[in-house]
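Subject: Two-chain model, handover and notes

Hi,

Here is the model I promised to pass on.

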Amino acid sequence: MSSPLTGPLISVLMPTYGHAAFIRRTIESLIAQSTGDWELIVVDDASPDETGALLARLLADGRLRYVRHVRNTGLGAALTTATALARGRYIAYLPSDDLFYPQHLAELASVLEAQPQVLLAYSGLRYGYQQAGPLADDTVSDAVRSAASGEPHDLGRPYPLKLVQVMHRREHAPRWPTRAERESDALESDVLAEIAAKGLSHYTGAISCEWLDHAGQRSKLLAHRSGGLSRYRAYYGLGRDDWVNWQPTRGPRQDERTRYAAFAIERALPEPGRLHILLLGELGFNPERIVAFEERGHRLSALWVPRPELWDTAGPVPYGNVTVIPYAHGWREQILAARPDVIYALLNWQALNLIDEVLSADLGIPLVFHFKEGPFICYEHGLWPTLVRVLRGSAAQIFISVENRDWFRLALGDLIDPARTHILDGDLPKADWFNDGWATKLSEADGQIHTVVPGRPLGLAPFSAIAAAGIHVHLYGEQFQQMVPNLVREGLASGHLHLHPAVEPAQWVRELSSYDAAWLHLYRSDNGGDLRRARWDDLNLPARLGTYAAAGLPWIMRDNGDAMVAQQQLAAQLDVGLRFSDWEDLATQLRDRRRLARLTANMRAARHTFTFDTHVDALIALFRRVIAEKQEVLS
Amino acid sequence: MPTYDQAAFIRRAVESLCAQTVTDWELIIIDDGSPADTARAIEPLLSDARLSYVRLAENRGHAAAINEGLRRARAPIIAYLPSDDVYHPEHLATLLTTLATHPEAVLAYAGVRYHYNRYTEGLIEGYCLQPVQVAHRRGVERWTEREELVSDDHERIFWAKLRPRGTFVGSGQISCEWVRHPGQLHRLIREQDGGGINPFRARFNIAHPLRFHSSHGNFIDEVTHYRRYRERPDTPLAVDGLKILLVGELAYNADRVLALEERGHQLYGLWTNRPAWFNTVGPLPFGHVTDLSRQDWRDAARRIRPDIIYAQLNWQTVEFCHAVLQANPGIPFVWHFKEGPFICIEHGLWPHLLELYERADGQIYSSPELYNWFETTAPGLTRRVPSLVLDGDLPKAEWLRPLASERLSQRDGAIHTVVPGRPIGLHPHTVGELAAQRIHLHFYGDFTQGLWKSWIEKAHAVADGHLHLHGNVDQDRWSAEFSQYDAGWLHFFASRNGGDLRRVDWDDLNYPARIATMALAGLPLIQQDNGEAVVASQNLARQHDIGLFVRDMADLRQQLCDAPRMERLRANMVRVREQFTFDYHADRLIAFFRTVLEAKT
């Protein structure tokens, strides 16, 4: 490495991935800087587009250096590579979709030149298309005030600094974590704050760059409702053994290694006589259940939905042995070449367009359609005709409850052939989480009533009435707590609401079995027993049922009388439900320890029926049946 | 039961009828020319003798299908069951009881579930009576059909015709569902629901001009407006005439493309599949353009052999034009873009937009500033192939009409300004400031006014009689109507780019459509004085000396009172107004096409 004396004044670090449409504009804005005393270090984190070719043309400018990673490693690792190559006295950052205004580098450098005690200089920035200010978040008013003072100041807590607005001394270059250590939309601001914490920062007083707001930007993949872990993994082409510790500022968090490492077992599949199953669509909340197929010797391939929801899981997943067929030109030929025995298409409305597309490609492979949520949202999104095509075109249909199947029979008549249907909840957990690490009930220790809700606390209002009835509620998951600030405030004040971080499946039994009972969505059904008038709440079996089953918890639900309500039917069938009319009634029922013990025993006895593993053989039998029928037709 | 292309819905509707507690009914299904799957869905149900099914050979519209049903109906009471809606079991019984107990009533209506989980015992707020709610005594009245008027307001189309025969009475019972889904007819008609004349036309592939009036939109009379074009024959293909395939959408001043046809070129159309209401697509109501179907346009193109593809115009069609570019079998491709790059960035369309310019054989930019800005996004981009600067949505020269003989101000001595569209940048308090300077503001457009209701309320409160609302004005009256004013408003905004092209936003690059509207009326343009900033509309107004650049409303008054200068601005605008028609540039555009063809070969 050259000595700082011979290097340029400023090293501009540019990590980039898949930004061929943006990077020329970005580099143009660097070349237009009023100062020329810089080097640009582009670390191409294995872009799949023509980024490399575009940059090759620019390399005639001796100030540009270009390094390419063989595999995508993530922002942190790319910045580590770039930092190691930097020779300048100062380090600035130019993400490949952002922009400098012409005075940007000169103004930042002059602050650091003039004030040796300042470690980090930052400019103002334009963001969100038309907003601008010292920070890309006008809610941090104290920081904005210090910035406006024009004096060097202590940016001691993690203010939302963006890479594009910052320049710091190279000797204070930070250590960037890998994505397996931590991935977050707050990564840049947190790491930059570590520099700021070591000394003084200074605001240049000018807006001189733009943090470009666009649909595909990294921060949106991390923490916008259009992003999510599954989209992130697909966007960066991550596969087996690529682990992410997913810690966005908003939405569900997850350390993949902690949750899934046990399922990363290499297997030679299929075993003789077993099936090759093509998964088509998305997996929901309990994706590792698919390993149950592999444990029984079946081989999995997958064509995943291209745009899964934030909360949803679609591959590529880091565990198992799933061969991914990319949703890109040529998927049809790739499926035909892979020759799966059966297509298992699932699960929610978001997968319907893809399933419809595959069905209409007429591949000659039988397709089993497993549908969860839900008919009404299909109406809302204009997908009802698509859903009907998929129901008609599939070799068998799996509904999550009898009520669901019967609703479809009313709506579609003989288009639904009961002989071709099967009943199974589509998103059951893997049996591995149903361990025997039972906890002692909290209520045994303090004589109080302790209930739990590890998801959205729908209908738990007014909380004061619940507290007055002497019922404690334990609410799990930061993202759910953020959704109901009023309930949290009121609940904490009452002393009967208790907040806990999200609970991972491995902890379901140990953590949740300490409670007396668990809440379902509270709502009043108005279908009057007429299935034609049902809403989704009436038909749904919420994902949390599997969690409650694992922990042997009775279900708290509003008494909906003679209305047609699927979860009420199921609770009655298993005798695991506390149906109540008002909070006092509920408290009385929860104090009936003998009954509670019976419901708990019932739930524990039936809990295996809530694991996916219990039902895999029946599912495989269904697959074999449709495969045999197809072969009959062909012969 | 009128039905069109609802095979996935119709079984549920019929099942809900079969489950009625009342059994003394007949069901008359009028299939308004649906694809064959509707007949297939119905077929198993027809064993019930109470059902009859008639298929019209071609699509004639909702009202015509109902009228066909009314003609065949034998019962004394008519009820409606649109094929995507649902009755609850006691629905017909409740309505019959209501009519029986109210002999003075001609019509009974039920309460209804709507928007999935909302309920009302009577009318749905913001909507007219929906057919699923209604039963009425049979009569001779008929629904107004599509050839005469299209509207989502059934009151206008039919219910009002029943009123002379008796009262309308509600059952007070919720007994049916108006099932919400994006394919509902009213959503295809109402602009605020993503519908409008273009989505409607495209959905039913209607080749004739429409009279169209949604419950909140402007009244559109294409029959009158385009008669002049339709009644003339096609222009024969000139010896060196080009076959031009228009791709995408034509926006507001769609008839401009006839300027090409009038010059002996042949026009074909291939239209975007999801237009917004203002994205004009075919079948074009003014004629003389032959459409290609989206499914097999490549086969058609092989037969027709177009010389050039002229793809355009706004962001709503970027995806579609990009798909055509990718599938293009080698026809020279010209891309003309208007609004706008930043909304494409926001919607994730930027890679496709850039690729359209990168892979086109000819590039057209809607302003010099847009040309320059695109050059900064990918240096070398604009020099790759021939390029041209031309506003993409200029009106046809037909609408260049005589001006008013007199301005309002000449009559009453006051100052009158006009805003023909959204008063962007004019806040209610700005209207107050105008009033303080005794400057009147005339705001045109009923549809826009509907969207700006609260603005109007607040502005009226401070306007001291200086705010005036007017209905929408069609192109044929632009010149006469708007030339009554002293000056017209462009979007009023403070640019923040400080003269740096990299920092512009859309306000800075845009030529708002109203520039041409006001130019045709010889009207000077008012905009904020943005000094040295890069502002396309400011540069344009400076270039022709047709603009007022103002710091505040006192400054505006002073400038408007400078009679000699205003006279000069008006004279300048009148002198150049022809340049704001598409026809003025048609020969230049054709010459550009020929350059592109030459460069390509």
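Below are my notes on the cavities, the cores, the backbone and the contact between the chains.

A word on conventions before the details. Residues are numbered from 1 along each chain as its sequence is written, while chains are lettered from A and ligands numbered from 1 in the order in which they are written. This is a predicted model, in which local features need pLDDT of at least 70, side-chain atom pairs count only at pLDDT 80 or more, and totals for chains, interfaces and linings use all residues; side-chain values use heavy atoms, with hydrogens and water left out.

Cavities

The structure holds nine cavities of 30 Å³ or more. A cavity here is a set of points, on a 1 Å grid over the protein atoms alone, where a 1.4 Å probe fits but cannot get out, and its lining residues have an atom within 4 Å of a point. Points are joined across faces, edges and corners, and the volume is the space filled by probe spheres set on them.

The largest cavity has about 420 Å³ of space. It is lined by 26 residues, and the closest to its centre are Q6(B), H62(B), D84(B), Q184(B) and L185(B). Strand 1 (2–3), helix 3 (62–72), helix 6 (185–189) and helix 7 (197–204) of chain B are the elements that give two or more residues to this lining, and helix 6 of chain B gives the most, with four. Helices and strands are DSSP runs numbered from the N terminus (helices H or I, at least four residues; strands E, at least two). By class, the lining has ten nonpolar, eleven polar and five charged residues. For those classes, Ala, Val, Leu, Ile, Met, Phe, Trp, Tyr, Cys and Pro count as nonpolar, Asp, Glu, Lys and Arg as charged, and the others, Gly among them, as polar.

The second largest cavity has about 360 Å³. Of the 26 residues that line it, H19(A), L75(A), P95(A), R218(A) and Y236(A) are the closest to its centre. At least two lining residues each come from strand 1 (10–16), helix 3 (75–85), helix 7 (218–223) and helix 8 (229–235) of chain A. Helix 7 of chain A gives the most, with three. This lining divides into eleven nonpolar, eight polar and seven charged residues.

Cores

The largest nonpolar core has 108 residues, of which F293(A), W384(A) and W555(A) touch the most other members. Helix 26 (residues 612–634) of chain A gives the most to this core, with eight residues. A core means a set of buried Ala, Val, Leu, Ile, Met, Phe, Trp, Tyr and Cys residues joined through side-chain atoms within 4.5 Å. Buried is under 20% relative accessible area, exposed over 50%, and partly exposed in between (1.4 Å probe, protein chains only). Leaving aside neighbours within four places in sequence, W555(A) is in contact (heavy atoms within 4.5 Å) with residues including L520(A), Y548(A), M603(A) and F610(A). A second, separate core of 58 residues includes L242(B), V281(B), L520(B) and I590(B).

F369(A) lies in strand 16 (residues 367–371) of chain A and counts as buried at 1% relative accessibility. Its C-alpha atom is separated by 7.7 Å from that of V390(A), 21 residues apart along the chain.

Backbone

Which peptide bonds are worth a look? From L269(A) to P270(A) the bond is cis, with omega near -5°, and P270(A) is found in the loop between helix 9 (256–260) and strand 12 (276–281) of chain A. From Q312(B) to L313(B) the bond is also cis, with omega near 10°; L313(B) is found in the loop between strand 15 (308–312) and helix 12 (318–327) of chain B.

N205(B), not a glycine, has a positive phi of about 55° and is exposed, with a relative accessible area of 55%. D545(B) has a positive phi too, near 50°, and counts as partly exposed at 27%.

Chain contact

The contact takes 39 residues from chain A and 41 from chain B. The area buried between them is about 3,500 Å², of which carbon and sulfur atoms give 52%; buried area is the accessible area (1.4 Å probe) that two parts lose on being put together, summed over both. In chain A, R25(A), Y379(A) and R532(A) lose the most area to chain B, together 20% of what that side buries.

Cheers

Definitions and conventions. 1 Å grid on protein atoms, 1.4 Å probe; cavity = no way out; pocket = protein on both sides within 12 Å on 5 of 7 lines; lining within 4 Å.
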